[in-house]
Amino acid sequence: MIFNVPTRHEEQTLLIKVKTTSPQKIRIKVVDAEQPNTSFTDRYKTIDGESIFFVRMPVSPKEALVYVYNEKNGNLPVGQDDSVSVESITKAQLEKKLDVVDLGNPLVRSFVNFATRFCYNAGSLSSGNYVSDDRKFTIQYLPVIKDMGSEQTTPARIDVDSGLIEVSKKHFMDYTIPNRMAILLHEFSHIFLNDNIDDEVEADLNGLLIYLGLGYPRIEAFEVFAKTFIVAPTEQNKMRYDKIVNFIDNFENYNTFIS
Amino acid sequence: MTLNKKEIIYASVGLFVFLVIYASTRKIDLVEVYEPQQKNFDNSKLPKELQPPQKLVDGEPIPEGAKRNFSKYSNLPRFDKW
């Protein structure tokens, strides 16, 4: 099932109420109705009975397409799949925690603006160098990231001397907008927020603080880190993922302390 | 029925709260589409805050970027300082 929802570029939360007749793996996607490769969520949940998907959208398109379907049966029109039905789609306010995101700080404000605009359009941008309005930040959008001719698995990285961020278009085309934001905020954190520039965990958590404070969805943060770590399943990455899970789980309760 | 001043104030506040709650959650009419309606996309029509960032011309030098702030009094947001 595909539904057209007028989101009008407003920040919002979409509440998608779904009903199943038995336990079913239901896939939800929200994409831009006009711009290709521009997705706001791509997730699934096993539902038995009624359940609501909360899709947080700090940025939204003019019109969105909401896909809801049973993974087992594929995307079928309304009435052709008895195993799942959409009860309602409701727009609600987006909850943010801007007290933890210091947008009064010009560097943070500039980068958030730049990253938002880059991530929103990454699905249709050509390779090349992109700069923020104040020219303090540059993203080099590359087909893939290479080291001495060898393709790297990382979706992005930052040069510690120049602050130049390299982004892999091959990875970003498949990511949702929240996935992309989480990655860029991680890279920003290495240079501009970390005490230790090389500390990956510190960059994960500093980046996530801004990401979650802006109202981006938690599930997309879990997903992008899982996607990145699964191709490099080291002990360090496992430890990083555990800390990320702990941080996100505790974010809502302000109970975060990482030793 | 006549209302005194206090009742008018209470009624106004109640109406205001009701309108805020009503306006903040809106049910959307379910309009099914059968094919994605992706048209030729023109990102110049996006609002200013969502338009793509400036792309440097091929060969244009990369600007010198922002520098790291080493001040311990920096109030940048950190995961362990909020």
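Visitor: How many bridges join strand 8 of chain A to strand 3 of chain B?

Guide: This is a predicted model, in which local features need pLDDT of at least 70, side-chain atom pairs count only at pLDDT 80 or more, and totals for chains, interfaces and linings use all residues. Strands (E, at least two residues) and helices (H or I, at least four) are DSSP runs numbered from the N terminus, and two strands pair if DSSP finds at least two bridges between them. Strand 8 (residues 128-131) of chain A and strand 3 of chain B run antiparallel, and the bridges joining them number 2.

Visitor: Which residue of strand 3 of chain B stands opposite Tyr130(A)?

Guide: Strand 3 of chain B covers 54-55 and is one of the elements that give two or more residues to the side touching chain A. The residue of this strand that faces Tyr130(A) is Lys55(B).

Visitor: What area is buried between chain B and chain A?

Guide: Contact here means heavy atoms within 4.5 Å, and 73 residues from chain A and 41 residues from chain B take part. Buried area is the accessible area (1.4 Å probe) that two parts lose on being put together, summed over both. Carbon and sulfur atoms give 61% of a total that comes to about 5,000 Å².

Visitor: Which residue of chain A forms a salt bridge with Arg26(B)?

Guide: A salt bridge needs a side-chain nitrogen of Lys or Arg within 4 Å of a carboxyl oxygen of Asp or Glu. The rule finds 2 across the interface of chain B and chain A. In one of them the closest N and O atoms are 4.0 Å apart, and the partner of Arg26(B) is Glu10(A).

Visitor: Is His186(A) buried or exposed?

Guide: His186(A) sits in helix 3 (residues 177-192) of chain A. Its side chain makes a polar contact of 3.0 Å with that of Glu200(A); such a contact is a pair of N or O atoms within 3.5 Å, where within protein one must be able to donate a hydrogen and the other to accept it, and residues adjacent in sequence count only if both atoms are side-chain atoms. Buried means under 20% relative accessible area, exposed over 50%, and partly exposed in between (1.4 Å probe, protein chains only). With a relative accessibility of 6%, His186(A) is therefore buried.

Visitor: How many residues apart are Glu71(A) and Lys25(A)?

Guide: Their side chains meet in a salt bridge of 3.4 Å, N to O. Glu71(A) is in the loop between strand 6 (64-70) and strand 7 (84-92) of chain A, and Lys25(A) is in strand 3 (residues 24-32) of chain A, so the separation is 46 residues.

Visitor: Why does the pair of Asp42(A) and Arg27(A) tie together separate parts of the sequence?

Guide: The closest N and O atoms of this salt bridge are 2.9 Å apart. Asp42(A) belongs to strand 4 (residues 39-47) of chain A and Arg27(A) to strand 3 of chain A, so the parts joined are separated in sequence by 15 residues.

Visitor: At what distance do Arg157(A) and Glu166(A) form their salt bridge?

Guide: Arg157(A) is partly exposed, at 25% relative accessible area, whereas Glu166(A) is buried at 17%. Their closest N and O atoms are separated by 2.6 Å.

Note on methods: Residues are numbered from 1 along each chain as its sequence is written. Chains are lettered from A and ligands numbered from 1 in the order in which they are written. Side-chain values use heavy atoms; hydrogens and water are left out.
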